[in-house]
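Please keep the sequence and the structure at hand while reading.

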Amino acid sequence: MNDKTKSILDQIIGQSKHLSWMKNGLCYLTVHGSHAYNTNVETSDWDYKGVCVPTLPYYIGSQHRFEQAELKDPDTVIYELRKFITLASNANPNTLEILFTDPEDHLFVNEIGKTLLDHKERFLSKRIRFSMGGYAHNQLKRIQLHRGYLLNKVLVPPSRKEMGLPEQTLIPQDQMMAVEADIEKELNRYNFDFMEGLDDATKIAIKEIMSQMLVELKITAEDKWMASARKVGLSDNFIEIMQKERAYKNLKSQYDKYQEWKKNRNPVRAAMEEKFGFDGKHGLHLIRLLRMCKEILETGKVIVKRPDKEELIAIRNGFWSYDELIEQADKLNAEIDVLYKSCSVLPHTPDFNFLDKLCVGLIQKCIM
């Protein structure tokens, strides 16, 4: 066990006396993040992720529970084995990819960790289309939100008067809350309760399909709200007042978020954002995620240490314009959709029975 691993474990154990078993329970620890992708710059922090197996009381006792341990400095997450296998088998990108980091980035690997690495391909499936694609989508939304802030600076908070509202709401607060609760219950029908037992990748897939169907039918979120409001028996006049109140509340929320974003921006990234029109770091991760998703569907290989690091770092530094970034993201998404339908190198889902037996066997080997 090297000094870095010992230091991380000492800090984790120092946070809680109940984690003293971690010194013997750690199975695997690896570099993660930009240093693992090889896209780090001078100011990049170090990130680490790992897997552990707690002692027997954590599995059959009533006093202790453990899912993961975290540190802020250095940024570290160590997952309990069952949680790790659940996340990785559901194609969670931040978890799955730590099985595929370069051996030179492995800080600690014992027999249990080696067995996990030996079976890493068994975790791969076409679910990556929706999990990794979903992460990329979130990066894109963040880029677009911040670009909106840059291009349409909100200098003053919205006023109730400009929204056609009196200084004080006409609807008493308790009545407003009761009505909103009734509407919320009706809106919950659109949240697809049947998905409760499904994994994250499947939920993302279903929501994408349903969202596209609603777009094609030209049904907006406001349409759903209006339909729900009428269904609970509200008059058109009451609905009109509530719509104005909702519009004011939304604008106020946007203004508050803008102010919070402006206050907490990293100065270096803020300067780059102003110069290039988008956050280059988010742009880097957007393209990295989409390229990795395409590679996995095309070849069944997870390439963490990026061969395209120079181009990714260039994207971070503003080499592409915003329009070029969006054009490339759209192109990659279209290619990923084609690959998902034609992919033959990966199963639709991993062999959960095999992974469950693997999990049971590894835990038994550790604690029995």
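## Basis and terms

Contact here means heavy atoms within 4.5 Å. The model is predicted, so local features need pLDDT of at least 70 and side-chain atom pairs count only at pLDDT 80 or more, while totals for chains, interfaces and linings use all residues. Residues are numbered from 1 along each chain as its sequence is written, and side-chain values use heavy atoms, with hydrogens and water left out.

Helices (H or I, at least four residues) and strands (E, at least two) are DSSP runs, numbered from the N terminus. Buried means under 20% relative accessible area, exposed over 50%, and partly exposed in between, with a 1.4 Å probe and protein chains only.

## Nonpolar core

A nonpolar core is a set of buried Ala, Val, Leu, Ile, Met, Phe, Trp, Tyr and Cys residues joined through side-chain atoms within 4.5 Å. The largest one has 77 residues, and M22, L81, F84, L116 and L286 have the most contacts inside it. Helix α14 (residues 280-299) gives the largest share of this core, nine residues. In soluble globular proteins, nonpolar side chains tend to be buried together.

Leaving aside neighbours within four places in sequence, L286 is in contact with A136, Q139, L140, I143, L325 and A329. A136 belongs to helix α8 (residues 128-151) and is buried, with a relative accessible area of 1%. Beyond four places in sequence, A136 touches L286, L289 and L290. The C-alpha atoms of A136 and C293 are separated by 9.4 Å, although the two residues are 157 residues apart along the chain.

## Helix α15

In helix α15 (residues 309-316), the residues L312, I313, I315 and R316 are buried. Seen down the axis of α15, the buried residues fall within an arc of 155 degrees, so they line one face of the helix; the arc is that of the directions from the helix axis to the C-beta atoms. They pack against α13 (267-276), α14 and α16 (322-342). After α15 comes G318, whose phi is positive, near 90 degrees.

## Cavity and pocket

On a 1 Å grid over the protein atoms alone, a cavity is a set of points where a 1.4 Å probe fits but cannot get out, and a pocket is an open set with protein on both sides within 12 Å along at least five of seven lines; lining residues have an atom within 4 Å of a point. Grid points are joined across faces, edges and corners, and a volume is the space filled by probe spheres set on the points. There is one cavity of 30 Å³ or more. The largest cavity has a volume of about 40 Å³ and is lined by S34, T39, S44, K281, L284, H285 and R316. Three of these lining residues, the largest share, come from α14.

The largest pocket has a volume of about 1,000 Å³. Its lining has 36 residues, of which G33, S34, D47, K281 and H285 lie nearest the centre. Helix α14 supplies the largest share of this lining, six residues.

## S34

S34 is found in helix α3 (residues 34-37) and, at 15% relative accessibility, counts as buried.
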